[in-house]
Amino acid sequence: MNEIKELLDSGRQYTFDEGLSLVKKYDTNPGVISFLEQRRDIKHLGYELGRLSRFPRLVPVPGYHNAETVQPLQTEPSQASGPVKSASDSADDDGHEIVRWEDLEKRHQNTKYDDMPADYLKEIYKQNTELYKELQYAHSQMKLANSDSGRAEWRSKLLDLDKTIRDNWKIIDNEIARLKDEGGQQHGGDGDTFKESTCRSYISRKLKKKSPLTTEDIVEMRKRVELLVAHKCEFTPEVEQRLKELKVL
């Protein structure tokens, strides 16, 4: 039995003290508990609850006694509470390793490189493989940290990487679904509202962008490129070359 997993799966909201009480009940690491008590960081609390939820069976810490009063469920979220969620898939069932790449088919609709129907999605896929390596490194450094502040810094990096990876998978799944819905007709969902100048302007702005293009930038550029190609619009050799380099053409 894992009461934390049951709580997470219920989707209900929880107070910080309620979540902290559960961590104290099952986590044997005093450093984690000390950090949560001092910082009262709901994001890090969610991470610890998510980690503990992955144990097949939880056993209370020897001598544990809950002397705290668990606060009643709030009808509206406050700053001290948040939606319970599996904040980290970055630990396996024994709580010591992060999610293995080969386990991803359990979590996402499209997890093979060959599932990617377009080059720009393959690039996002490759990006995720690299991000998983960074996630593994952040997780190992968090475990090796010898101070609360050090653990907190690496944990923050780990959570940021986890969010980026999840966002990338969501983009991949949504784009594959979009392409399937279109059935090969590259209309981009804009129907008769296509405006060549608007599409070209967007692409031009992104190509002139000095900072690296985000995953969202690439996806949105791809949609405009699809529209222009569908309407038999041509690109200059320079623009065509850049679009090919970005894997959107």
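# Reading a predicted model by its definitions

Biologist: Glu6 lies in helix H1, which covers residues 3–10. What makes a stretch of the chain a helix or a strand?

Modeller: Both are DSSP runs numbered from the N terminus, a helix being a run of H or I of at least four residues and a strand a run of E of at least two. This is a predicted model, in which local features need pLDDT of at least 70 and side-chain atom pairs count only at pLDDT 80 or more, while totals for chains, interfaces and linings use all residues. Residues are numbered from 1 along each chain as its sequence is written, and side-chain values use heavy atoms, with hydrogens and water left out. The protein chain has nine helices and two strands, running α-β-α-α-α-β-α-α-α-α-α from the N terminus.

Biologist: Why is Glu6 called partly exposed?

Modeller: Buried means under 20% relative accessible area and exposed means over 50%, with partly exposed in between (1.4 Å probe, protein chains only). Glu6 has a relative accessible area of 48%, so it falls in the middle class. Glu6 and Ser53 are 47 residues apart in sequence, yet 8.2 Å apart in space from C-alpha to C-alpha.

Biologist: Which class does Ser53 belong to, and what puts it there?

Modeller: Ser53 has 8% relative accessibility, which is under the cut-off for buried, and therefore it counts as buried. Ser53 is found in the loop between helix H4 (42–52) and strand S2 (81–83). Leaving aside neighbours within four places in sequence, Ser53 is in contact (heavy atoms within 4.5 Å) with Asn2, Ile4, Lys5 and Leu8. Over the protein chain of 249 residues, 41% count as buried.

Biologist: What makes the phi of Arg40 worth a remark?

Modeller: Most residues other than glycine have a negative phi. The phi of Arg40 is near 50°, a positive value in a residue other than glycine. Arg40 follows H3 and is found in the loop between H3 and H4. With a relative accessible area of 42%, Arg40 is partly exposed. Within helix H3 itself (residues 30–39), the buried residues are Gly31, Val32, Ile33, Phe35 and Leu36. Lys232 also has a positive phi, near 60°, and its place is in the loop between H8 and helix H9 (237–245). Lys232 has a relative accessible area of 74%, so it is classed as exposed.

Biologist: How do you know that Tyr113 and Tyr125 form an aromatic pair, and what decides its geometry?

Modeller: Rings of Phe, Tyr and Trp (its six-membered ring) pair if their centres lie within 6.5 Å, and planes under 30 degrees apart count as stacked, over 60 as edge-to-face and the rest as tilted. A search of the whole structure finds three such pairs. The rings of Tyr113 and Tyr125 are 5.7 Å apart, centre to centre, with 70° between the planes, and the pair is edge-to-face. Tyr113 lies in the loop between S2 and helix H5 (119–144) and Tyr125 in helix H5, so the pair ties together parts 12 residues apart in sequence. Tyr113 is partly exposed at 32% relative accessible area, whereas Tyr125 is buried at 8%.

Biologist: What geometry does the pair of Tyr137 and Trp154 have?

Modeller: The pair of Tyr137 and Trp154, at 5.7 Å from centre to centre with 80° between the planes, is edge-to-face as well. This pair links distant parts of the chain, with Tyr137 in helix H5 and Trp154 in helix H6 (residues 148–182), 17 residues apart. Ring pairs also link Tyr113, Tyr125 and Trp169 into a cluster.

Biologist: Which residues make the contact between H7 and H8?

Modeller: The axes of helix H7 (residues 196–207) and helix H8 (residues 215–230) come within 10 Å and cross at roughly 145°. The contact is made by Glu196, Cys199, Arg200, Tyr202, Ile203, Lys206 and Leu207 of H7 with Asp217, Glu220, Met221, Arg224, Val225, Leu227 and Leu228 of H8. By class, the contact has eight nonpolar, no polar and six charged residues; Ala, Val, Leu, Ile, Met, Phe, Trp, Tyr, Cys and Pro count as nonpolar, Asp, Glu, Lys and Arg as charged, and the others, Gly among them, as polar.

Note on methods: Axes are lines fitted to C-alpha atoms, for helices over the stretch in contact, and angles run from 0 to 180 degrees between N-to-C directions.
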